[in-house]
Amino acid sequence: MFKKVFARTKALEDVPFHFCPGCTHGIIHRLIAEAIEELNIFEQTIGVCPVGCAVFAYNYFACDIFQAAHGRAPAVATGIKRALPDRVVFTYQGDGDLAAIGMGEIIHAAARGEKISVFFINNSVYGMTGGQMAPTTLPGQITATTPYGRDREINGNPIKVCEMLSVIEGTAYVARVSVHNPASIIKAKKAIKKAFQVQLRGLGFALVEILSTCPTNWGLSPAEALNWLAENLIAYYPLGDFKIPKEEAKNV
Amino acid sequence: MAKVLMKGNEAFGEGAIRAGCRFYFGYPITPQSELAHFLAKRMPEVGGTFLQAESELASINMVFGAAGAGARAMTSSSGPGISLMQEGISFIACAELPCVIVNIMRGGPGLGNIAPVQSDYFQATRGGGHGDYRLIVLAPSSVQEIIDLIREAFDLAEKYLNPVLMLGDGLLGQMMEPMELNEEKNFFIPPRPWAASGRMGGPKRIINTLYIVPEEAEKHNLKLNQKYKKIEANEQRWENYQTEGAQLVLVAFGTAARICMGVVDYCRDQGLPVGLIRPITLWPFPVKAFDSILSLDTVHYFLSVEMSTGQMIEDVRLAVNGRRPVFFYGRYGGMLPVLTDVVKEVKKLLLEEEP
Amino acid sequence: MFESVLLAGFGGQGILSAGQLLAYAGTLAGKHVTWVPSYGAEMRGGTANCGVTISSRPISSPIVSEPEALMAMNRPSLEKFEQSVVSNGLIVVNSSLVNCKIARKDVQVMYISANKLAEELGNNKVAVNIVLGALIFLTQIVSLELAIESLGKVFPPRHQKLIALNQRALKAGAQFFDHLAKEKAG
């Protein structure tokens, strides 16, 4: 007799991902799906996927799901959650989607304290459109639209989403995690689960920023990309909880 | 039933509630704000949701979310705000979700002014956003018609799974008229097996507008187009006003139609053979109205009267299809056609133009 | 028979509400009614006017471009709209704020110093309803009783004092010309 120690989660469809080799979107999809299954909320969960590399998330997540216009996922999620307050609603958004074109929507959803869970995938570059500068591209980082490196004088500064959103009343939980090694993946899973729990407890808006890789547009091998993330992205975007629910803060 | 005196903008709100709409998302803009003020008060009374969004981009996407989750939802705005909504409207049309959008038109282009115009006709009737789609467009011309038509708007939206746009202008929105309220609880909301409302043990639903494979996108476009053809065949609405024996037929909608009714009354008193076709659906345009009136053979010409530099006239010409001359009279930028000026134009045509 | 009235003055005088009062009264009378405002972007201080049509027939155009009766609450309004009144029409002038006489000979002109009468009632703000009361008396476009009944529609019930005050204003306006007519007859 063999004991089954690892199985597919039912919250994901049994189809291959289209993501590039070494891209961590697949890991993040899986973590979210596992959290949904483990919290036993699969039947009442509604997802909203973005425009960008994760646009096909509706093919991968097995729950009911919307595909929103670029950046508008928090507004779409607001409409869903207001119409169906007893459902669990999450958005899955990249850095261009959330921090550039959808900045207005995310800030106001946070300020309203919408009871949704937002998963913000930050890989510091636009993937689908061909590696252009993202709002989170690091100073000096070379992209298709910053061929000489991001110059603060010309392109301004990267946006630190967690730091910014954590000062907004209405956000209940804001955390930044990474998926560059097994230990960080385990922590990421915990944060993702917590974002759902915060919603289930009606505490307010929850956002988990997940530092992610883009080997294709970074011009690195999958292994190099994981190292680059650890050395460069984490240095600029420190990991950790930026805001935890008030009741927990008291206990600390 | 006793009549109630109400503003046009408020009638949109009360009518929506009586049609079972319980979700309103919007952003303030003149001259439609009374609609938002009204629903901000009224929605909580019926257990509904009124939410002021951070922009029109957000409000139309909130409608997208609520409608996709199965709710009767609406938004309202005016020109500049409706322009911002076009992205979301295109998505809603593609995803085939029912919703109602009210545009209380204001002077444009640009920031323009808050005076009544009809210059968003092209935007309303040609789809408005990117891609090949149509909205059902209803144009009431009285407060009573607002409250009657908005219920129909929700029903049409659901019958065809298509956004419905109601087109008014600042004057219609601000105007007060007595009207009869329809029965409050007499609405039927059909089941929504397509709604992505959480699987709850059922099959997976996807609200999607991405068709990355051109063959599939063509199929979807064809499906939409077949729906539009059906709407064109079944849903043309218009009113004939004193068209019997008319040699000159005015064509006007909304506020311009009210002014033209005055023109027709005035002309008929003077024995001038003038009538009016008032399109109620702007899309589908009531082509049938022109076919039937031309079969009578009394009509010599048409005069399209608009509060724009001439937009609906293109549809009038397509409907008349060269069978009679079509003339234009318009005022722009928020100026209203003056009854006596239109009468002058009518007399000039009747006396000077060879039939 | 008077059917169309234009009420004009400056913002803050209560012109739009007075027009609505007339519209409510017409509605209570079971008539066809339209009320159409026209005002600047500024909420107060600018010119304000509205057109009211009350008819036993359906109203085609709601726009009152050639009123049968004009209520002019200040001089700029009178200057702006005097010429638009139909021949044989009526102009009611608030002579408290209009210090000139009307040159037109083809219209009936009635002067009433509404602000003075309003102060006698203890509140300058009711001047507009004094003129409205006069207009109703002179045109019989609706009955004064229905106008008084409609005060409850324009003011929320918590404003009982205002309703009573405006009732006195409407009556004062109507009585002003009633007395005048009786004096002449006597």
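Let me start with one residue: A:N181 counts as exposed, because it has 12 C-beta neighbours inside 10 Å. The cut-offs, with C-beta atoms placed from the backbone, are these: 20 or more other C-beta atoms within 10 Å of a residue's own make it buried, 12 or fewer make it exposed, and anything in between is partly exposed. A:N181 sits in the loop between strand 5 (171-178) and helix 8 of chain A. Helices (H or I, at least four residues) and strands (E, at least two) are DSSP runs, numbered from the N terminus. From A:N181 to A:N227 is 46 residues in sequence, and 9.3 Å in space, C-alpha to C-alpha.

Before going on, the ground rules. This is a predicted model, in which local features need pLDDT of at least 70 and side-chain atom pairs count only at pLDDT 80 or more, while totals for chains, interfaces and linings use all residues. Residues are numbered from 1 along each chain as its sequence is written, and chains are lettered from A and ligands numbered from 1 in the order in which they are written.

Now chain A, strand 1. Is this strand enclosed or open? Five of the five residues of strand 1 of chain A are buried, so the strand is largely enclosed by the rest of the structure. In general, side chains in a regular strand alternate between the two faces of the sheet. Here A:T45, A:G47 and A:C49 lie on one side, A:I46 and A:V48 lie on the other, and both faces are covered.

Next, the neighbours of strand 1. Two strands pair if DSSP finds at least two bridges between them. Strand 1 of chain A runs parallel to strand 3 (residues 88-94) of chain A, with four bridges, and A:V48 stands opposite A:T91 there. Strand 1 also runs parallel to strand 2 of chain A, again through four bridges. In strand 2, A:V48 has A:F66 as its bridge partner.

A:F66 also takes us across to chain B, where its bridge partner is B:I207 in strand 9. Strand 2 of chain A and strand 9 (residues 206-207) of chain B pair in the parallel sense, over two bridges.

That pairing brings us to the contact between the two chains. Two residues are in contact if their C-beta atoms, placed from the backbone, lie within 7 Å. How many residues does each chain give? Chain A gives 28 and chain B gives 36. On the chain A side, the elements with two or more residues are strand 1, strand 2 (64-67), helix 3 (73-83) and helix 5 (103-111). Helix 3 of chain A supplies the largest share, eight residues. By class, this side of chain A has 15 nonpolar, seven polar and six charged residues. For the classes, Ala, Val, Leu, Ile, Met, Phe, Trp, Tyr, Cys and Pro count as nonpolar, Asp, Glu, Lys and Arg as charged, and the others, Gly among them, as polar.

One helix of chain A before we leave it. Helix 1 (residues 25-38) has 14 residues and reaches 20 Å from its first C-alpha to its last, close to the expected 20 Å; the expected span is 1.5 Å times one less than the number of residues. Its buried residues include A:I28, A:L31, A:I32 and A:A35. Strand 1 (45-49) and helix 8 (182-200) of chain A are among the elements that cover the buried residues of helix 1. Just after helix 1, A:N40 takes a positive phi of about 60°.

On to chain B, which has 12 helices and 15 strands. Buried residues make up 56% of its 355 residues. The domain assignment, automatic or from a database, gives domain 1 (4-234) and domain 2 (239-352) of chain B. Their centres, taken over C-alpha atoms, are 28 Å apart. The contact between them takes 25 residues from domain 1 and 21 residues from domain 2. On the domain 1 side, helix 5 (121-125) of chain B is one of the elements giving two or more residues, and helix 5 gives the most, with four.

Last, chain C. Its contact with chain B takes 17 residues from chain B and 15 residues from chain C. Helix 9 of chain B gives the most to the chain B side, with five residues. That side divides into 11 nonpolar, two polar and four charged residues.
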